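Okay, thanks for coming, everyone. I'd like to walk through one model today, so let me put it up on the screen.

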Amino acid sequence: WGHPCEMCPAQPHPCRRGFIPNIRTGACQDVDECQAIPGICQGGNCINTVGSFECKCPAGHKFNEVTQKCDDIDECSTVPGICDGGECSNTVGSYFCKCPPGFYTAPDGLKCIDVRPGYCFSSLTNGRCGNQLPQPLSKMQCCCDSGRCWSSSPATAPEMCPIRSTDEYRKLCTVAALLPARYDQPPGRPDLPPGRPDIIPPPHVPGVYPPQQPEIVYPSRVPPPHVILPVNFTDYCQLFRHLCLNGRCVPTPGSYRCECNKGFQLDVRGECIDVDECEKSPCISGDCVNTQGSYICQCRVGYQSTATRTECR
């Protein structure tokens, strides 16, 4: 009873909760709460069930039992360690990270990647870092390839790279894993200059610098306030499969959008959710039942449903 709903104090008579007597027959029939209670399940998709209802909230939202609405989750205040190294901004259904100079926003916008050039060491003996590589590399380039230690400047003591298979390593190197596979060692090193097999280019994480010789940025030359990397994520739809459930993924520059299948519509997050056709009462002389992407009509006595089950004759 009421809005938002509150439980009735005792079992109603003559039908149990969630049912009402049919005006003509007196038989108990289910109440469609989605139709009967205005504003229920606001921001989400209300699904009627026998004797009750269910509220499907879009991703990044949670159902509020008190108001019977879908509330946005503030990931910035609820997810520990979010946007490490940057500033978190909450959005409806999601969030994004604002990254400081020298950090690069990940393609999905959900974390900051350290791309400041520094010193990479390829060996670690008795706790001492050695064999400094000549070219400056970011921490991700160094540690996700073959480096053992990394230092941000000559004045800073080198730090050990995270051990492979640890959470810290995965956190640093997951972006590298999403990019195209590493250039393999011989046979056929496509990144070696022709005719000069003795010239070995610096190790690199594919996509972070192009496979051609990168411009070497020495730490004495202060990098620009925002390091713009030539990362070209041309097709998110290819890179991340299953982005648009109930729809078709269309790549856009630096992002993607969803074109929804028939019977689905875009929600606030850009995802395809089911349209409740029953809201428009399409079943004359029958009861409408919403289904994923469509609906069916349960016809009254004396009426017959069509082949598509979308009308009663």
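Let's start with the cysteines: the count comes to 16 disulfides, taking a disulfide as a pair of cysteine sulfur atoms within 2.5 Å. Before I go on, a word on ground rules: this is a predicted model, where local features need pLDDT of at least 70, side-chain atom pairs count only at pLDDT 80 or more, and totals for chains, interfaces and linings use all residues. Residues are numbered from 1 along each chain as its sequence is written, and side-chain values use heavy atoms, with hydrogens and water left out.

Buried or exposed, what is C15? C15 is buried, at 3% relative accessibility, while C28 is partly exposed at 43%. Buried here means under 20% relative accessible area, exposed means over 50%, and partly exposed is in between, using a 1.4 Å probe and protein chains only.

Next, C278 and C288 are joined with S to S at 1.9 Å. This pair links distant parts of the chain, 10 residues apart: C278 is in the loop between β18 (272-274) and β19 (286-291), and C288 is in strand β19. The S-S torsion for C278 and C288 is about -75°, so we have a left-handed disulfide here. C278 is buried at 7%, and C288 is partly exposed at 24%.

What does C283 pair with? C283 is joined to C297, S to S 2.0 Å. That link is left-handed, with -80° about the S-S bond. C283 lies in the loop between β18 and β19 and C297 in strand β20 (residues 294-299), so the pair ties together parts that are 14 residues apart in sequence. Both ends are buried: C283 has a relative accessible area of 9%, and C297 comes in at 3%.

**Charged pairs**

On to salt bridges. How many are there in the whole structure? The search finds 6, where a salt bridge is a side-chain nitrogen of Lys or Arg within 4 Å of a carboxyl oxygen of Asp or Glu.

Take R170 and D167, whose side chains meet at 2.8 Å, N to O. They are 3 residues apart in helix α4 (residues 167-178), so about one helical turn separates them. R170 is partly exposed at 41%, whereas D167 is exposed at 59%.

E54 and K56 also form a salt bridge, at 3.7 Å, N to O. E54 is partly exposed with 36%, and K56 is partly exposed with 44%. Then there's R313 with E311, the closest N and O atoms being 3.9 Å apart. R313 counts as exposed at 63%, and E311 as partly exposed at 37%. Finally, R248, R257 and E259 are linked in a network of salt bridges.

A few backbone details to look at. The peptide bond from H3 to P4 is cis, with omega near 0°, and P4 is in the segment before β1 (19-21).

Q68 has a positive phi, near 60°, and Q68 isn't a glycine. Q68 lies in the loop between β5 (61-64) and β6 (69-72) and is buried, at 8%. N246 is another non-glycine with positive phi, near 65°. N246 is in the loop between α5 (236-239) and β15 (247-252) and is partly exposed, at 32%.

**Confidence**

Last thing. The chain averages a pLDDT of 75, and 78% of the residues score at least 70; pLDDT is the predictor's confidence in each residue, from 0 to 100. Over residues 176-233 pLDDT stays under 50, and there the model has 74 contacts beyond four places in sequence, a contact being heavy atoms within 4.5 Å.

Technical notes: Helices (H or I, at least four residues) and strands (E, at least two) are DSSP runs, numbered from the N terminus.
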